[in-house]
Amino acid sequence: MSLPGQTGTNFKQPDKWDCYKFECLSDFLGEYAKSVRQPTGYLEAFAGSNQSVCAGINCPREACHILKGKDSFFNQIVLLAQSETALAALRKPLLPARADVLSGSLINEETLQKVLDSFPRSEAVFILLEPPGFHHLRFSSLKKLALRGIDKDGRKPDMLLVLPLEMSLIRNLGRLDCQDSISRFFGHDKWIDIRQDWYTKRINTEEARKRLLRLYLAGFKDMGYKHVVHKEPANAGSPARYQLAVVSDRINFKNILDTIWDKERFLSCELF
């Protein structure tokens, strides 16, 4: 399905969990801006990768749209499209007026440096990472963003990660052709021990998921982040379709995550 003016661009039909997530992300940005209280830049590292449209009311659901009405919170807005399909989805007037759209992959050194150069060192930087799958995200890229994006006060960028740690990772855990991409996702191959325990039934799937998540978040603690907060959303299906993590040197966002993602929500299309 395409929106008017979006000829040739395909969109997926969202389910209610995607729409809940959209509303939660929008609320989080407002609370984030209140908490940080300083000039801030915004980077969405997988812009255009999760484009959706509601068939009933032509309501675009895409992560960068959470800025609508909130773009004044940020001094710089950078949307990075990491594929041609994502770039095609990022067309005005759907975008915030002040958004700069870049194309390329964070794996590419030139693209990474261009992204880092978009933000002055005097600013805090907020990075939203919602990869369309685990194989699109490398921990080495996150480490470069964090350690090379340190501001004048010695603080690393804040990151909100929407992690595909449930179905996509678990489903592919045993595939030999996915082993390298899983290792790139974690930044090492320590996950193989968890897979072995799961295969031999020493642990069940739920315990494997929890251990994989702890292992992934440990990488941010090793990087020196002061606050590494995890949240399993209450309104993301059962089992949860995604996991949340916020890493920051500035603020512990646990209470904000709990308040927003535990809130009971009803979509307008559910009320009729």
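Predicted model: local features only at pLDDT ≥ 70, side-chain atom pairs only at ≥ 80, totals over all residues.

Trainee: How far is the backbone oxygen of Gln38 from a polar atom of the side chain of Thr40?

Mentor: The distance there is 2.7 Å, and the cut-off is 3.5 Å, so the pair can be read as a polar contact. As for its place in the fold, Thr40 belongs to strand S1, residues 40-44.

Trainee: Is Thr40 buried or exposed?

Mentor: Buried means under 20% relative accessible area. Thr40 has 3%, so it counts as buried. Leaving out residues up to four places away in sequence, Thr40 touches a whole list of residues, including Tyr32, Phe73, Phe74 and Phe126.

Trainee: Now a charged residue. Where is Lys231, and which side chains does Lys231 join by a polar contact?

Mentor: Lys231 is in strand S8, which covers residues 227-231. Its side chain has a polar contact of 3.2 Å with that of Asp258, and another of 2.8 Å with that of Asp262. Lys231 is buried too, with a relative accessible area of 9%. Setting aside neighbours within four places in sequence, its contacts also include Gln243, Leu244 and Trp261.

Trainee: And how do I read aromatic pairs?

Mentor: A pair of aromatic rings is described by two things: the distance of the centres and the angle of the planes. Searching the whole structure gives 17 aromatic pairs. Take Tyr32 and Phe126: their centres are 4.7 Å apart with 50° between the planes, and the pair is tilted. This pair links distant parts of the chain, with Tyr32 in helix H1 and Phe126 in strand S6, 94 residues apart. Both Tyr32 and Phe126 are buried.

Trainee: What about Phe139 and Tyr216?

Mentor: That pair is edge-to-face, at 5.6 Å centre to centre and 85° between the planes. Phe139 sits in helix H4 and Tyr216 in helix H8, 77 residues apart. Phe139 is buried, and Tyr216 is as well.

Trainee: Which residues do ring pairs link into a cluster?

Mentor: The cluster is made of Phe28, Tyr32, Tyr42, Phe74, Phe126, Phe253 and Trp261.

Trainee: Where does the charged end of Lys21 sit?

Mentor: Over the ring of Tyr242, 5.3 Å from the ring's centre. Look at Lys156 as well: Lys156 lies over the face of Tyr225, at 4.9 Å from the ring centre.

Definitions and conventions. Residues numbered from 1 in each chain as written. Heavy atoms only, no water. Helix = DSSP H or I, 4+ residues; strand = E, 2+ residues; numbered from the N terminus. Buried < 20%, exposed > 50% of the residue type's maximum accessible area, 1.4 Å probe, protein only. Polar contact = N/O pair within 3.5 Å; in protein donor to acceptor, adjacent residues only side chain to side chain. Contact = heavy atoms within 4.5 Å. Phe/Tyr/Trp six-rings, centres within 6.5 Å; stacked < 30°, edge-to-face > 60°. Lys NZ or Arg CZ within 6 Å of the ring centre and 35° of its normal.
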